[in-house]
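Let's walk through how to read a few features in a model. Have the viewer open as we go.

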Amino acid sequence: MGKITKAVLLLVIASVLLMGGCQDKKQTGSNVKIYYTAVESGDYYEGWAEQLKEQAEAGGAEFEAGYAENSVETQVAQVKRALEEGCSVFLCGLVSTDIAAEIKAAAGETPVVFINNAPPDRQLEKDKYVYVASDEYMAGQYQAEYILEKFASKEEINVVLLKGPKEASGTTGRTEGLKQTLKSSGKKINYVFEDNANWNEDIAKELTGMFLKTGRQADCVVANNDDMAIGAVSAFEEAGINTDSILFLGVDASAGGCEAIAGGRMDFTVYQPMSSQIETAVKTALNLAEGKNLEEIEGASGDGKYILLPFEKVDASNVSKYQ
């Protein structure tokens, strides 16, 4: 065999070994590509995207975001396109909890970190399909505990309940936490009004205005988020009703919610540790892309399917800490 032939053969062998080595090698932060498909555009999810990008780039990963605009078809198409373009791991805020299986199928063997909206437990899998958030049940539980503390002497409590979208995991968890905790108190709990205001301040204001026209009395207005609680407060104020004896409760400890508590318009909210969720979501994504397990990540569940960060109670006594 001539020298040139030998050189060519060695080059081919080296190329094959190199290619095989790349296929077997786990990705590191410097070559991980993260794709975040969000429910929709707008301040809330674009704010998430900005912070996710910051964390991803700090970890040496590339980052891209897409907004599904509440379209299942768009979200599935985004995942397929990102996979074709070399995505290493997905961050996914599901448009609907019912489409987790479709997202997984579109992602192929690429791991998915679900955020913002929880898929059914059966759709999660240890170290591959993981949900990062806070325990939504706890938020509702904290609201109920505050109500029971303030109305300890009352045997009957009239509750107005404003909920998020029907399909949202936050709606389900927060509502169940509230209702089950109130029920376990042994007091008589009357839900004098209950409807879905879809996280929206204006819808909550309109629905609360409808309730006020019924003439029924409320001891507290409980909302699945702060915007809806603020909308309810506005409805009472515009109707000229004194709210000194009525509790208004939300969730998220948003800037508006904290301002309302500091100003005496709202009474209670629950801090959702968004920054910690974002940092943890990216860390989880990097670990999965690099073939690492999640056991050492704070909040990781024993079954490896969840990473849950604790909520915190916020009222007038500590709201300044969250502003």
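Q: What should I know before I start?
A: This is a predicted model, so local features need pLDDT of at least 70 and side-chain atom pairs count only at pLDDT 80 or more, while totals for chains, interfaces and linings use all residues. Residues are numbered from 1 along each chain as its sequence is written, and side-chain values use heavy atoms, with hydrogens and water left out.

Q: How many residues does α6 have, and what is its reach from first C-alpha to last?
A: Helices are DSSP runs (H or I, at least four residues; strands are E, at least two), numbered from the N terminus. The expected span is 1.5 Å times one less than the number of residues. Here, α6 (169–184) has 16 residues and reaches 22 Å, close to the 22 Å expected. After α6 comes Gly186, with a positive phi near 85°.

Q: Which residues of α6 are buried, and what covers them?
A: Buried means under 20% relative accessible area, exposed over 50%, partly exposed in between (1.4 Å probe, protein chains only). In α6 the buried residues include Ser169, Gly173 and Leu178. Their cover includes β5, α5, β6, β7 and β8.

Q: Is Thr97 buried or exposed?
A: Thr97 counts as buried because its relative accessibility is 15%. Thr97 sits in the loop between β3 and α4. Contact means heavy atoms within 4.5 Å; leaving out residues up to four places away in sequence, Thr97 touches Asn117, Ala118, Pro120, Glu167 and Ser169.
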